[in-house]
Amino acid sequence: ADTFSIRGETILLIQCRVDPECKSAQLFWSLPPGCYYDCLSAVQNSASANVNNNINHVNDIMETLTERMQAILDQRRGKLQSLINARLGYHPPRIKFVSVPVQQAIEDIMKEEEEEVGIIN
């Protein structure tokens, strides 16, 4: 469970794409939105009044966190793959984790929610 969480928040699995031959699958993931908001809040509360510097600092922190999580996912992918293989009983696609910027993930989620509301109305 720790593989998929940062500070107690689970990473977002955005989308899964499987190739036509079912030999590989890309799992698109993002850091949890709370991670971004916590970082933004911490930087805004810092002494720097320069908004551009604050935004750049947040982006740098998020990039570092994303790189660290990607390294963890890459390192533990084999163990996850073996669990999936054992559970399904056949040779499923080989998994590859692909990071998506958290800002893009938030925008995509908001867009999906707007589309759902549009469908209901």
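**Reading the sheet**

Mentor: Strands E3 and E4 run antiparallel and are joined by six bridges. Please keep in mind throughout that this is a predicted model.

Trainee: How do strands of a sheet pair in general?

Mentor: Strands pair through backbone hydrogen bonds, and the arrangement is either parallel or antiparallel. Here, valine 18 has alanine 25 in E4 as its bridge partner.

Trainee: Which way do E4 and E5 run, parallel or antiparallel?

Mentor: E4 and E5 run parallel, and six bridges join them.

Trainee: What is the order of the strands in the open sheet?

Mentor: The sheet has three strands in the order E3-E4-E5, and its pairing is mixed. E3 and E5 are the edge strands, each pairing on one side only. On average, neighbouring strands are turned by 25° against each other, direction ignored. As for E4, five of its seven residues are buried, so this strand is mostly covered.

Trainee: Which residue takes a positive phi in the hairpin of E3 and E4?

Mentor: Most residues other than glycine have a negative phi. In this hairpin, with five residues between the strands, cysteine 22 takes a positive phi near 60°, although cysteine 22 is not a glycine. The residue is found in the loop between strand E3 (12-18) and strand E4 (24-30).

Trainee: Why does cysteine 22 count as partly exposed?

Mentor: Cysteine 22 counts as partly exposed because its relative accessibility is 46%, and that class lies between the limits of 20% and 50%.

**Reading the interior**

Trainee: Which residues touch the most other members in the largest nonpolar core?

Mentor: In soluble globular proteins, nonpolar side chains tend to be buried together. The largest nonpolar core here has 15 residues, of which Trp29, Leu31, Val58, Met62, Met69, Leu73 and Phe97 touch the most other members. At least two core residues come from each of E4, helix H1 (33-44), helix H2 (51-88) and strand E5 (94-99).

Trainee: How many aromatic pairs does the structure hold?

Mentor: A pair of aromatic rings is described by the distance of the centres and the angle of the planes. The structure holds one such pair. Phenylalanine 4 and phenylalanine 97 form it, with 6.3 Å centre to centre and 50° between the planes, a tilted arrangement.

Trainee: Where in the chain do phenylalanine 4 and phenylalanine 97 lie?

Mentor: Phenylalanine 4 is in the segment before strand E1 (5-6) and phenylalanine 97 is in strand E5. The two are 93 residues apart, so the pair links distant parts of the chain.

Trainee: Which of the classes, buried or partly exposed, applies to phenylalanine 4, and which to phenylalanine 97?

Mentor: Phenylalanine 4 is partly exposed, because its relative accessible area is 25%. Phenylalanine 97 counts as buried, because its relative accessibility is 3%.

How values were computed. Residues are numbered from 1 along each chain as its sequence is written. This is a predicted model: local features need pLDDT of at least 70, side-chain atom pairs count only at pLDDT 80 or more; totals for chains, interfaces and linings use all residues. Side-chain values use heavy atoms; hydrogens and water are left out. Helices (H or I, at least four residues) and strands (E, at least two) are DSSP runs, numbered from the N terminus. Buried means under 20% relative accessible area, exposed over 50%, partly exposed in between (1.4 Å probe, protein chains only). A nonpolar core is a set of buried Ala, Val, Leu, Ile, Met, Phe, Trp, Tyr and Cys residues joined through side-chain atoms within 4.5 Å. Rings of Phe, Tyr and Trp (its six-membered ring) pair if their centres lie within 6.5 Å; planes under 30 degrees apart count as stacked, over 60 as edge-to-face and the rest as tilted. Two strands pair if DSSP finds at least two bridges between them. Axes are lines fitted to C-alpha atoms, for helices over the stretch in contact, and angles run from 0 to 180 degrees between N-to-C directions.
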